[in-house]
Amino acid sequence: MASEILKTYGDTSIREDVNSFVELITALEAWFLNNLGKSQAYGPVHQTQVDTLPAAASLAVQEGEDLTATSTLVPTLLPNIVQHVARTFHVSDVQRKVAHFNGEDMLAYQTVKAGKEIGNALEFDLIRSVLVSGVSGTTPKMKGIVQAISKSTNTTVHSSGTVLSASIINGLMKANWDNSNGTVATDVFMGSFNRNTVDGFTQKSNSLVQFPATEILNTVDMYQTSFGRIAVHVHRRVYLSSSGGGIGADSTGRLLFVNPEYLKIAYLNPIYLIDLAKTGAADKKAFVTDLTVEVKNQDVHQNATGFDID
């Protein structure tokens with residue numbers, strides 16, 4: 001009889017079939033961490049110098065006239081706090097002895113995972129951190145890029161729900177050129193909704209149909225304006241609907257215009273792995289680093305908010 005046939009389903013003694021590969025389903029985002037130049041910080045406060053020239057005007061003088069002194073300017077400082085960052089992880093001796101589906105030593109696996117996690121955390125702070133001085137026992141925090149570049153002349157707040165358009169980007173790039181020394185942003189970062197909007201720009205033809213017609217390209221990766229060519233990027237930390245700290249949750253879309261040549265990550269200590277004191281039957285380790293955002297010129301960057309997000 002069929003009921004006497006031994007079948008697999010319902011048999012709890014069968015060894016589990018689990019693929020050894022582990023897919024990390026959390027998105028990794030580290031454009032700024034990977035692409036910005038690096039410099040050296042030498043103390044808890046890292047500063048860069050900027051200077052200006054007087055507004056251009058005639059310097060004509062009367063022939064033979066006694067020359068009088070004119071006003072002079074000295075450089076000013078752009079300071080930022082060095083932030084201390086650590087991601088600790090502890091793995092018990094027993095965890096390292098027992099077998100796991102992935103076949104790896106659990107300490108090695110958690111080391112790789114922690115390295116990715118600190119990368120995500122650093123990217124978050126590089127963009128969104130807000131200055132905390134560190135006095136009176138508080139945890140010091142650097143100015144992230146959004147705060148560090150922002151001035152009244154390069155921060156634009158549009159009406160909430162403004163629909164992003166080609167003319168708006170053209171106008172922002174014009175303002176960027178007007179307010180700078182002639183050097184302008186080369187990259188613009190935005191959330192997925194506004195990145196999708198840029199792909200739909202129809203001011204110029206951006207659809208390419210290849211023959212035989214197996215592929216249609218309808219994306220805008222580079223946008224050319226009269227004031228410069230700008231690369232368009234989607235980034236998960238430039239627009240955030242939830243807080244996570246720093247500048248807080250975004251209620252509207254953000255366009256972050258930067259010129260990476262004028263931004264650096266200044267390390268007091270690079271990212272390194274340390275062994276913590278072993279006080280029990282476990283291995284204790286931490287990735288640590290000390291770093292800050294270095295801004296060479298605020299005016300070449302721009303921060304614009306107020307855009308539609310749905």
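1. Lysine 38 stands opposite isoleucine 265 of strand β12. The model is a predicted one, in which local features need pLDDT of at least 70 and side-chain atom pairs count only at pLDDT 80 or more, whereas totals for chains, interfaces and linings use all residues. Residues are numbered from 1 along each chain as its sequence is written, and side-chain values use heavy atoms, with hydrogens and water left out.

2. Strand β1 and strand β12 (residues 263-275) run parallel and are joined by four bridges. Strands here are DSSP runs of E with at least two residues, and helices are runs of H or I with at least four, numbered from the N terminus; two strands pair if DSSP finds at least two bridges between them.

3. These strands belong to an open, mixed sheet of four strands ordered β1-β12-β13-β4. Its edges are β1 (37-40) and β4 (83-92), each of which pairs on one side only. On average, neighbouring strands of this sheet are turned by 35° against each other, direction ignored. Helix α3 (residues 106-128) packs on the sheet, touching β4, β12 and β13 (282-295), and its direction makes about 160° with that of β4. Contact means heavy atoms within 4.5 Å; axes are lines fitted to C-alpha atoms, for helices over the stretch in contact, with angles from 0 to 180 degrees between N-to-C directions.

4. Another open sheet has six strands in the order β5-β14-β11-β6-β10-β9, again with mixed pairing. Strands β5 (155-162) and β9 (222-225) form the edges, each pairing on one side only. From one strand to the next, the twist averages 20°. Helix α5 (residues 166-179) packs on this sheet, where it touches β5, β9, β10, β11 (253-258) and β14 (302-307); the helix direction makes about 150° with that of β14.

5. Methionine 190 has valine 234 in β10 as its bridge partner.

6. The largest nonpolar core has 30 residues, of which Phe32, Ile145, Leu256 and Leu263 touch the most other members. Such a core is a set of buried (under 20% relative accessible area, 1.4 Å probe, protein chains only) Ala, Val, Leu, Ile, Met, Phe, Trp, Tyr and Cys residues joined through side-chain atoms within 4.5 Å. Helix α3 supplies the largest share, eight residues. Apart from this core lies another of 20 residues, among them Val184, Ala185, Phe201 and Leu255.

Methods: Buried < 20%, exposed > 50% of the residue type's maximum accessible area, 1.4 Å probe, protein only.
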